[in-house]
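Biologist: I have a structure open and would like to go through it slowly. Could we start with a single residue and work outwards from there?

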Amino acid sequence: LEASAGEKEKIVSRTRLNLYRTGLLCEMSHFLQEIETDLNHATQVLVYEEMNHYKDMANRMETLYNSCWGGGSDSLAQSVDTQQNASVQNVQQQQKSGAVNLDPWAQPEGIYEEMP
């Protein structure tokens, strides 16, 4: 292959430009991989720290509850169970009586009516 000096310069400049492009694409790819790794790590740390924060807040709220109303977590669980049992018994009584309450707020004296 014989090429003139001008064509050789074109070939060399294209080769050099392709080398720069390849190098730039490699750098971009590496940069994006590093960003992905950093973001994954940062997200994991954030979620872990949020979990610890909310656990701490839950412990503080439980301590505050115990200091204000006494008893402990057992009395809290008992009061929740009592409320749930009362609501279940209320539903069972309504089912036995055959009353159908269509009120979305479950008020026994209210009757749900559609608007025209």
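Modeller: Let us start with aspartate 56, which has a relative accessible area of 35% and is therefore partly exposed. Please keep in mind throughout that this is a predicted model.

Biologist: Which side chain does aspartate 56 meet in a salt bridge?

Modeller: The side chain of aspartate 56 meets that of arginine 60, with 3.4 Å from N to O. In general, side chains of opposite charge can pair when their charged atoms come close. Here the two residues are 4 apart in helix 1, which is about one turn of the helix.

Biologist: And is arginine 60 buried or exposed?

Modeller: Arginine 60 is exposed, because its relative accessible area is 53% and the cut-off for exposed is over 50%.

Biologist: Changing topic, what about aromatic pairs, how many does a search of the whole structure find?

Modeller: The search finds 1 aromatic pair. It is formed by tyrosine 65 and tryptophan 69, whose ring centres are 5.2 Å apart and whose planes stand at 40°, so the pair is described as tilted. These two residues also lie in helix 1, 4 residues apart, or about one turn of the helix.

Biologist: Why does tyrosine 65 count as partly exposed?

Modeller: Tyrosine 65 counts as partly exposed because its relative accessibility is 26%, and that class lies between 20% and 50%. Tryptophan 69, at 63% relative accessibility, counts as exposed.

Biologist: What comes just after helix 1?

Modeller: Just after helix 1 there is glycine 70, which takes a positive phi of about 65°.

Biologist: How far apart are the end C-alpha atoms of helix 1?

Modeller: They are 94 Å apart, and this agrees with the 96 Å that the 65 residues of helix 1 should span at 1.5 Å a residue.

Biologist: Which residues make the nonpolar surface patch?

Modeller: The patch, of about 410 Å², is made by Phe31, Leu32, Ile35 and Leu39. Leucine 32 is placed in helix 1, which covers residues 5–69, and with a relative accessible area of 55% leucine 32 is exposed.

Biologist: Last one, what does the whole protein look like in helices and strands?

Modeller: The protein has 2 helices and 0 strands. Of its 116 residues, 2% count as buried, and the protein exposes about 11,000 Å², of which carbon and sulfur atoms supply 58%.

Notes: Residues numbered from 1 in each chain as written. Predicted model: local features only at pLDDT ≥ 70, side-chain atom pairs only at ≥ 80, totals over all residues. Heavy atoms only, no water. Patch = residues over 30% accessible without salt bridge, like charges linked within 9 Å, V, L, I, M, F, W, Y side chains within 5 Å. Areas by Shrake-Rupley, 256 points an atom, 1.4 Å probe, with all protein chains shown as cover. Salt bridge = Lys/Arg side-chain N within 4 Å of Asp/Glu carboxyl O. Buried < 20%, exposed > 50% of the residue type's maximum accessible area, 1.4 Å probe, protein only. Phe/Tyr/Trp six-rings, centres within 6.5 Å; stacked < 30°, edge-to-face > 60°. Expected span 1.5 Å × (residues − 1).
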